[in-house]
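Morning, everyone. Please have a look at the model on the screen, and then we will walk through it.

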Amino acid sequence: MTAAMELPTKRRMGRRKEFDESLRVPLAAGTTARMDAVLEPDEPRLTLIRDAIEREIKRRERITRNPASQPDRAK
């Protein structure tokens, strides 16, 4: 047996998934270019998308909890 075969190998676990769901979203022409134009240096495009989705969900949840604060859409 060689020395390499005698060394015990450590079992390593892979990185835990941070995001369990994925979504494919068709966008209008030019949308990704507009997104790229407003990204911070070294900011991934997906960070912008995730932040925008989270803000919109929170906004809609606030409206659902307090319907009196909804703008009048019957105009």
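First, a term: helices (H or I, at least four residues) and strands (E, at least two) are DSSP runs, numbered from the N terminus. By that rule, the protein has three helices and zero strands. Read from the N terminus, the order is α-α-α.

Now the ground rules. This is a predicted model, where local features need pLDDT of at least 70, side-chain atom pairs count only at pLDDT 80 or more, and totals for chains, interfaces and linings use all residues. Residues are numbered from 1 along each chain as its sequence is written, and side-chain values use heavy atoms, with hydrogens and water left out.

Next, the surface. Buried means under 20% relative accessible area, exposed means over 50%, and partly exposed is in between (1.4 Å probe, protein chains only). How much of the protein counts as buried? Of its 75 residues, 4% do. The accessible surface comes to about 8,100 Å². Carbon and sulfur atoms hold 53% of that surface. These areas come from the Shrake-Rupley method with a 1.4 Å probe; for residues, only the protein chains shown count as cover.

Look at one spot on that surface. Leu23, Val25 and Leu27 form a nonpolar patch, with about 320 Å² of accessible area together. Patches take residues with over 30% relative accessible area and no salt bridge; like charges are joined within 9 Å, nonpolar side chains (Val, Leu, Ile, Met, Phe, Trp, Tyr) within 5 Å. Leu27 sits in the loop between helix H1 (3–6) and helix H2 (31–38). At 45% relative accessibility, Leu27 is partly exposed.

On to the pocket. On a 1 Å grid over the protein atoms alone, a pocket is an open set of points with protein on both sides within 12 Å along at least five of seven lines, and lining residues have an atom within 4 Å of a point. The largest pocket holds about 460 Å³ of space. That volume is the space filled by probe spheres set on the points, with grid points joined across faces, edges and corners. Which element gives the most to the lining? Helix H3 (residues 45–65) does, with five residues. The lining includes Leu23, Val25 and Leu27, the three residues of the nonpolar patch.

Last, salt bridges. A salt bridge is a side-chain nitrogen of Lys or Arg within 4 Å of a carboxyl oxygen of Asp or Glu. The structure holds three. One joins Arg45 and Asp36, at 2.9 Å from N to O. Arg45 is partly exposed at 35%, and Asp36 is partly exposed at 36%.

Glu56 pairs with Arg59, with the closest N and O atoms 2.7 Å apart. Why can they meet along the helix? Glu56 and Arg59 are three residues apart in helix H3, so about one helical turn separates them. Glu56 also bridges to Arg60, again with 2.7 Å between the closest N and O atoms. Shared partners join Glu56, Arg59 and Arg60 into one network. Thanks, that's all.

Definitions and conventions: 1 Å grid on protein atoms, 1.4 Å probe; cavity = no way out; pocket = protein on both sides within 12 Å on 5 of 7 lines; lining within 4 Å.
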